[in-house]
Amino acid sequence: MKKLLRQVRNQFKHAWQPGFLAALVTIALIVSNCSSPNNPGGTAQSGVLIYGSGGQPVNLESGNITDGNSIVVHNQIYNRLIEFKPGTTELQPGLATAWTASPDGKIWTFKLRQGVKFHDGTEFDAEAVKFNVDRWWDKNNPFGYRNAGKTYEIWEQIFGGSKGEPNSLLQNLVVTDKFTIQFVLKQPFAAFPSTIASGYFGIASPTAIKKSAASYGKPAAGAVGTGAFMFKEWRSGDRIVLEKNPNYWKAGFPKSNQLVMRFITDPAARLAQLRAGQLDFTVDLAPDQKAEIDRDTNLTAIFRPSFNVGYLALNPTYKPLSDVRVRQAIAHAINRPAIVKAFWGDLAESTPHFIPSTLSWAQSPDLKDYDYNPQKAKELLTQAGYPNGFAMDLWYMPVSRPYFPTPKPIAEAFAADLNAVGIRVSLKTKDWTAYIADRIKPPGYQSFMMGWTGDYGDPDTFYYPHFGAGGTKDIGSWKNDRVLQLLDQARLTADQSARSKLYAEVDQILHREVVRLPIAHSKPLLVSRRTIDGWLPSPLGTEPFEAISKK
């Protein structure tokens, strides 16, 4: 195992050896020099920020995404009703200036900001908010264009269901005046302001959506919000270009005239282009790259606070995985501590908990991790009727993410461990947009790598989207009634000590069931050139770039 890890690691490390870097930078410079001043892609210009993304967004349609690459772009184009104070999970006013709950906790009233315009010049008001929420919540809304394949799955994952469904937390939306709207809930939910503040729920222009119809949010149509930057163009597979919003409601922002977001899936290529001055800042680098960053006096390493989980999903609709003993065998077969040490170094930890240690108050103190024990794994497989193992597809992400900075070599390490106990793994991947979409098409992937960065500072942000009502479509709609009961009860409970006991039991059940096996909670490595000022990374995985400027 250790020998294979060294081989895989060394193969990946070779990608950023000096000779390779020199060749890569040369090619990149040739390409960039073909760019025109009005369409930057090469050496960073004054007033133009160039950001290196680990992949392109799935789409720019608010409420219809689940991935971090999309949220990064959404954070620049859209505002939300409530936002987060920079660098924290604390709430602050956004498009809503104030919000209050009724005495019974079931009605949340939002007072909206006046005088705000969408990028197309139309007015932001309560009807615009209702238009957006109705699209996400109501499957029969004519402007949801669900017949074109739109799913708005994140709404159901967080809020339990759609309009008219028994598990829907939201029961009604009421516009009480031009700048006041009420959300009527089925039951109290103290974290509701935090959930509606998450990066999925930017407010888009109703006029723009009606104009573009089902094409809204795609490269040809773009997106229209109220945010610091306006959509200019999206070259699929290459970049998105955003322009400064001259009428932004936050005085003095944004600090830059243009934001170019380039899609560079390989962390080595992102770092090479950053060192060459073709990027100003980037994210999700491999931990092994820190030494190279530290040697370059033009660069600054930055660490995003750890608030994520990378996991291996095991779909029980695939017959071998329907037996919990097989899933537990996989947990024993994969040497997670060694893999985390090999690929993350000191920038991640391996724990038995699905939620990160920053939420340790909600973890079970009695949980014992599945130790690396190939013999135990083989015994469990034999007990389950698979003494000779079985074949299994394992899908790995085609892009680097904070929780899996180098997905392919990590997947290869998983496969080596599983093959050693008789589980014959076939590694597969596909385009990121298809990877996300196809995982929820029945029967889904047999097993796959995925992860999550919390959207608000509460255990609910990890548990409900993955194990609550509507959150398990990608693992064959796996269901545990006790988990659902506990998660709903935790949403109703305000006392943290009482919630701690509820979540501790959830932790224990999920550990036993092994449908999403936690691999790592990482401390993502980011980097910028020293000419960049004002970048304050959020623990939530992405942030607006409106305060960033170039010295």
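Tutor: Gladly! Two strands pair if DSSP finds at least two bridges between them. Helices (H or I, at least four residues) and strands (E, at least two) are DSSP runs, numbered from the N terminus. This is a predicted model, where local features need pLDDT of at least 70, side-chain atom pairs count only at pLDDT 80 or more, and totals for chains, interfaces and linings use all residues. Residues are numbered from 1 along each chain as its sequence is written, and side-chain values use heavy atoms, with hydrogens and water left out.

Student: Which residue is the bridge partner of Lys-111 in β7?

Tutor: Thr-180 is that partner. The strands involved, β5 (residues 107–112) and β7 (residues 180–185), are antiparallel and share five bridges. On β7 there is also β6 (residues 170–177), joined to β7 antiparallel by six bridges; here Leu-170 is partnered with Leu-185. With two residues between them, β6 and β7 make a hairpin.

Student: How many strands form the open sheet, and in what order?

Tutor: Seven, in the order β8-β9-β10-β1-β11-β19-β12, with mixed pairing. Ignoring direction, neighbouring strands are turned by 20° against each other on average; axes are lines fitted to C-alpha atoms, for helices over the stretch in contact, and angles run from 0 to 180 degrees between N-to-C directions. Inside this order, β1 (residues 48–53) and β10 (residues 258–263) run parallel, joined by six bridges, and Ser-53 has Phe-263 as its bridge partner.

Student: Which elements of the sheet does helix α3 touch?

Tutor: Contact means heavy atoms within 4.5 Å. Helix α3 (residues 68–77) packs on the sheet and touches β1, β8, β9 (239–244) and β10, its direction making about 170° with that of β10.

Student: And how do I find pockets?

Tutor: Rolling a probe the size of a water molecule over the atoms shows where empty space is left. On a 1 Å grid over the protein atoms alone, a pocket is an open set of points where a 1.4 Å probe fits, with protein on both sides within 12 Å along at least five of seven lines; lining residues have an atom within 4 Å of a point. In this model, 50 residues line the largest pocket, with Asn-75, Leu-540, Gly-541, Thr-542 and Glu-543 nearest its centre. Among the elements giving two or more residues to that lining are α3 and α14 (432–438).
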